[in-house]
Amino acid sequence: MRDVIVIGGGPSGLMAAVAAAENGADVLLLDKGNKLGRKLAISGGGRCNLTNRVDAAEIIKHIPGNGRFMYSPFSVFNNEDIIAFFEGLGIELKEEDNGRMFPVNDKAIEVVRALLNRLQQLNVEIRKKTEVRDLHFRDGAVHTVELADGEMLETKNIITAVGGKSVPHTGSTGDGYPWAEKAGHTITDLYPTEVPMTMNDPHIKSKELQGLSLRNVKLSVIDPKKGKLIKAHQGDMIFTHFGVSGPIGLRCSQYVVKAKKKHGVQNIPVEIDLFPDENSEELFQCLKSLLDDAPKKAVKNSLSGMVPERLLPVCLSLSGIDPVHVGTETSHEKLRSLSAVMKHFPLTADGTLTIDKAFVTGGGISVKEVYPKRMESKLMEGLFFCGEVMDLHGYTGGYNITVAFSTGYTAGSAAAERTQLLQTNE
């Protein structure tokens, strides 16, 4: 009988296996793929954004999916512990913008290799290409892992670290949900997060803005019934042939999904503030000054460079301004309208790409049914969860991977502790 069986060789599973073995447990790691750490290897664009070096409260602000749950796992293993852990494995780290931590050599594969080497040092048995069919329980506790080929593996503890349903080519195909349900757990609605938005506006459908990047703008999701702000993020974004993507597009996407469901509507208003650091009056005065400086020049030429070249004609059209009219032909009313468009550039989101195209899965095993300081099920002894299989999700920027490592380490060390207690009581 194994002390601990970890199912899933992603970030949380690898860390769980390390923690359990470091705390004296005999560990078996199972993964259905032929390569471990696949999601880790592609994270941060292949550079591996390992964690984020801001304080715990700030990290939790960037975990919109049940972030407060993370206070307990962070008391066991937080972002500074993650940094110390990898530096201890010989991975030199550097800090980039917004606290993001990367390996100095920008190679995610080195991070994966360091984890695998650590598992080898700890004598963790690894079985790849090994699919789990089912989990079996007895007398309110875990008992057996059943493999797809029928082999039965008895164990004292099972750590489920199989991910959600996003990025399925890395092995995250939702395997863990039925096992959790069998143990009595609630699976909250699954939805895509950190995913590009789809839009049906004419200037999106025409593809005239496709590939255009915007720097330091603010993207806002608006309540379709009350017209109030739901959520806004400031940063960079990019127009695609179907909508918007880029950091703030991905961050705002989940609020589109939630608003559609909440209000039962097809379309959600979204707007871009092209000048988030100026108010409408300041922007109007700037536009007026540009036209006053060249009263006989066509508006499109006077305002050239104010916004990206391909975006200006759309802004002028939405404001009812003829681009070939000269400054003296353009009323203050029209300029105020242009200022309003630039501060509230209108878009209409009709959804997002599907969950398999998302970076992160929203929803999952309810955190209310898991002890946060142990990551152990409240319903089934010896059953632990970590990472994205749970209803926990953060933004990109090192937050999700911090959740994975923290919950993984917490689950692994708690499973090893439970093993020792069982042995003491035998």
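Buried here means under 20% relative accessible area, with exposed over 50% and partly exposed in between (1.4 Å probe, protein chains only). Strands (E, at least two residues) and helices (H or I, at least four) are DSSP runs numbered from the N terminus. In a regular strand the side chains alternate between the two faces of the sheet.

What you have open is a predicted model, where local features need pLDDT of at least 70, side-chain atom pairs count only at pLDDT 80 or more, and totals for chains, interfaces and linings use all residues. Residues are numbered from 1 along each chain as its sequence is written, and side-chain values use heavy atoms, with hydrogens and water left out.

Two strands pair if DSSP finds at least two bridges between them. Look for V6, which stands opposite L29 in β2. To get from β1 to β2, follow the chain through helix α1, residues 11-22; this β-α-β crossover is right-handed, as the path from the first strand over the helix to the second runs clockwise with the strands pointing away from the viewer.

Now bring in strand β6, residues 125-127, which is parallel to β2 and joined to it by three bridges. Here E125 is the bridge partner of L28.

For some aromatic rings, select F77, F85, F86, F405 and Y409, which form one aromatic cluster. Rings of Phe, Tyr and Trp (its six-membered ring) pair if their centres lie within 6.5 Å; planes under 30 degrees apart count as stacked, over 60 as edge-to-face and the rest as tilted. That rule gives four aromatic pairs. F86 has 0% relative accessibility and so counts as buried.

Then jump to R47, which lies over the face of F102, 3.8 Å from the ring centre. A charge sits over a ring if NZ of Lys or CZ of Arg is within 6 Å of the ring centre and within 35 degrees of the ring normal.

Finish on helix α14, residues 399-425. Of its 27 residues, 20 are buried, so α14 is largely enclosed by the rest of the structure.

Key. Expected span 1.5 Å × (residues − 1).
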